[in-house]
Amino acid sequence: MLEFDDAPKGLVRLIYASRAQELGRGGLPEMVRTILLKSIQNNRMAAVTGFLVAGEGRFLQLLEGPAGEVEQTFERIRRDDRHGDVQVISRGAVERRMFRDWNMAQHQIVAADRSVLNKVGLTAFTPDGLDEARALTLLTTFGAQHLR
């Protein structure tokens, strides 16, 4: 949920971009479904929350939670064969969670999202070139759409 909460000391936020690998029969939608099912379970146990945006063979994800758990989660992602060209956009301590109620939620890019992409200077979903501010704009804009 796009609400901020007071967080315990040691809370971090990590944003990364990656390229989908080995899409298989169901393509990106099926890969995202599989990732979400496992992520929700794992993240709940680790007190990690976040939001994933997927499209055009790419991912943009925000993870937040206790520092050690976020780093362990990110290392699993980095080693996952479904992710290639993993690039950290930002990593650092934060005082509050942005997506406190979502162990993992997601948005898949559709044609109607072009105006949101344009808002951060993208003509296609290529998140690997974003800075932290533009990545957060995309994540919070798409996250807010899921609250309606």
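Buried here means a relative accessible area under 20%, exposed means over 50%, and partly exposed lies in between, with a 1.4 Å probe and protein chains only. By that scale Glu 64 is buried, because its relative accessibility is 0%. The model is a predicted one, in which local features need pLDDT of at least 70 and side-chain atom pairs count only at pLDDT 80 or more, while totals for chains, interfaces and linings use all residues. Residues are numbered from 1 along each chain as its sequence is written, and side-chain values use heavy atoms, with hydrogens and water left out.

Which residue does Glu 64 meet in a salt bridge? Its partner is Arg 13, at 3.5 Å from N to O; a salt bridge is a side-chain nitrogen of Lys or Arg within 4 Å of a carboxyl oxygen of Asp or Glu. Glu 64 belongs to strand β4 and Arg 13 to strand β2 (residues 11-20), so this pair ties together parts that lie 51 residues apart in sequence. Helices (H or I, at least four residues) and strands (E, at least two) are DSSP runs, numbered from the N terminus. Arg 13 is also buried, because its relative accessible area is 10%.

Strand β4 spans residues 58-66 and also holds Gln 61. Gln 61 counts as buried because its relative accessibility is 5%. The side chain of Gln 61 makes a polar contact with the side chain of Tyr 16 at 2.3 Å. A polar contact is a pair of N or O atoms within 3.5 Å; within protein, one must be able to donate a hydrogen and the other to accept it, and residues adjacent in sequence count only if both atoms are side-chain atoms. Apart from neighbours within four places in sequence, the residues in contact with Gln 61 (heavy atoms within 4.5 Å) include Leu 14, Ile 15, Phe 51 and Met 104.

In total the structure has eight salt bridges. Another of them joins the side chains of Glu 56 and Arg 114, at 2.9 Å from N to O. Glu 56 sits in the loop between β3 (49-55) and β4, and Arg 114 in helix α3 (residues 114-119), so parts 58 residues apart in sequence are tied together. Glu 56 is partly exposed at 37% relative accessible area, and Arg 114 is partly exposed at 33%.

A further salt bridge links the side chains of Glu 75 and Arg 78, at 3.2 Å from N to O. Both residues lie in helix α2 (residues 67-79), three residues apart, or about one turn of the helix. Glu 75 is partly exposed at 29% relative accessibility, as is Arg 78 at 38%.
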